[in-house]
Amino acid sequence: MSKLLRTGLNAGDSAPMAVVGGEGVYFHLSDGRKLIDGSNTGGGLGHRHPAMVEAIRRAADTPVVNEGWTWVGREQAADDLMATAFKGEDDWVGAVRFCISGSEANDMALSLCQALTQRSALATRERAYHGITGLSRSMTVQPQWHGGLAVHAGGSKLPAPMAPVRILPAPDGAIYGAPANNTPPSEYLADATRLLSDTAATIIDYTQGGIYYDGAYQDEVARCAREAGSYWIADEVVTGAGRAGRWFAFQGAESRPDIVTLGKSLGGGAAAVAAVVVSKDIVERLKGTSWQNYGTLRGHPISMAAVSAYLKVVSDDKILEHVQKLEKLFTRRLLAIAQKHPSVQRVAGQGLHWTVELHGPDWRGWHADTTEVPIASRVAERALEAGAVIGTSGEQTSLFLAPPLVISEHEAERLLDALDHGLDIADEEHG
């Protein structure tokens, strides 16, 4: 029996599939199967990308330099991030601090805003996920991701919240299943300034719960946050560094955040790394202070090498243009798939991150406190027959597609074929 204490993204207690290797966009399993990695936001360049492997090999020959010491590779990674991903944003972007995970980056950003404003309340949007560490856990308002225990016999045991949380209405920019008459953000956010009046920060992301980028929504939230004296944090842990088809999702609108948090693809799938990027105004406010937030392995030489290598590959290989091209393919195919399968309720997405939501119980009542396998997990299991891994993010009725950014058109078609195949079982249950 394994001594590893583990959990899965699906309800119940069954062991996840055993991955023994990988190459490009494929997982290699212990039973000999080779499956397309269709839902892995942490592997932007897939598995064993040669540029990433070489960068890690070189970095492995360096000393272990903790965050308290200057390291030339860390300085270089910061310069590369600003010069490449934040090119054209020079008028407002200030500086970066590296860390290890997206959850940690969000916790650091939120706690910094609490210190700067001397307020404790925080705000996010409905159905948000920002992590399971520190304050990021409090800002995760998907009910199944509470950071506690989902008891399979029923009931959940939750840790105490760390801050008061205000929840804003969310936009719905679905390409299939959206409301017939979408209300303008200015109307359903009419009370936002008052709601945010005592908050230190307002954090929004662009994928979680199937809620994606909406420029008008972003600009309205940014306006209300600034009127309320609440810092605006763009959580680009998933979308940042290319998955949105541009360096950052927020760049599609006029407003610019006070803080950007990054993670996932930033290390090219080769190292655990995240970042907190702050504006020039915040850099100015930090003068004469010491930010007493420390991590021994933050900015580790291997992670920094991965950041610099990843940025170079995305730029040199024109990955953003490739993602934009594939976005059109996914839009066309997913619309056709949704129209074919009556079990599909909603489809939304951007770049190479898409959510397919099925008809079924309301997500607000889903706590994953059961051994019953959710319909989304059963669809994902059937998709394996057609050669692809599709994720659920632990949701009962939602699947998400987030393949490596280097996936080819042919491989993308195969992934979508696998989804098409998997949805047959949902159609049977939907009737």
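**Reading strands, sheets and helices**

Me: How many bridges join strand E11 (residues 259-262) to E12, and do the two run parallel or antiparallel?

Reply: Here's the general idea: strands of a sheet pair through backbone hydrogen bonds, either parallel or antiparallel. In this structure E11 and E12 are joined by 4 bridges and run antiparallel. Two strands are said to pair if DSSP finds at least two bridges between them. The names are DSSP runs numbered from the N terminus, with strands (E) of at least two residues and helices (H or I) of at least four.

Me: What should I know about the model before going on?

Reply: It's a predicted model, so local features need pLDDT of at least 70 and side-chain atom pairs count only at pLDDT 80 or more, while totals for chains, interfaces and linings use all residues. Residues are numbered from 1 along each chain as its sequence is written, and side-chain values use heavy atoms, with hydrogens and water left out.

Me: Back to E12, then. Which of its residues point one way and which the other?

Reply: In a regular strand the side chains alternate between the two faces of the sheet. Here Ala274, Val276 and Val278 point one way from E12, while Ala275, Val277 and Ser279 point the other way. Strand E12 (residues 274-279) is mostly covered, with 6 of its 6 residues buried. Buried means under 20% relative accessible area, exposed means over 50%, and partly exposed is in between (1.4 Å probe, protein chains only).

Me: What other strand pairs with E12?

Reply: That's E4, which pairs with E12 in the antiparallel sense over 6 bridges. Look for cysteine 99, whose bridge partner in E12 is alanine 274.

Me: What is the strand order in the open sheet of 7 strands?

Reply: Read across it as E4-E12-E11-E10-E9-E5-E8, with mixed pairing. Strand E4 (93-99) and strand E8 (165-168) are at the edges with a single partner strand each, so one side of each has no neighbour in the sheet. From one strand to the next, the twist averages 20°. Those angles run from 0 to 180 degrees between N-to-C directions, and the axes are lines fitted to C-alpha atoms, for helices over the stretch in contact. Threonine 202 has tryptophan 232 in E10 as its bridge partner.

Me: And what is the order in the open sheet of 4 strands?

Reply: That order is E1-E2-E3-E15, again with mixed pairing. E1 and E15 are the edge strands, each with a single partner, so one side of each is left without a neighbour in the sheet. Strand E1 (residues 19-23) pairs with strand E2 (residues 26-29) in the antiparallel sense over 4 bridges. They form a hairpin with 2 residues between them, and glycine 24 in the turn has a positive phi of about 65°. E3 pairs with E15 in the parallel sense over 2 bridges, and aspartate 37 stands opposite valine 389 there.

Me: How do I describe the way H1 and H9 pack?

Reply: Two packed helices are described by the angle between their axes and the distance between the axes. For helix H1 (residues 50-59) and H9, the angle is about 150° and the axes are 9 Å apart. That makes H1 roughly antiparallel to H9. The cut-offs are under 35 degrees for roughly parallel, over 145 for roughly antiparallel, 65 to 115 for roughly perpendicular, and oblique for the rest.

Me: Where in H12 is the kink centred?

Reply: It's centred on aspartate 424, and the kink is about 25°. The bend at a residue is the angle between axes fitted to the seven residues ending there and the seven starting there. Just after H12, glycine 431 takes a positive phi of about 80°.
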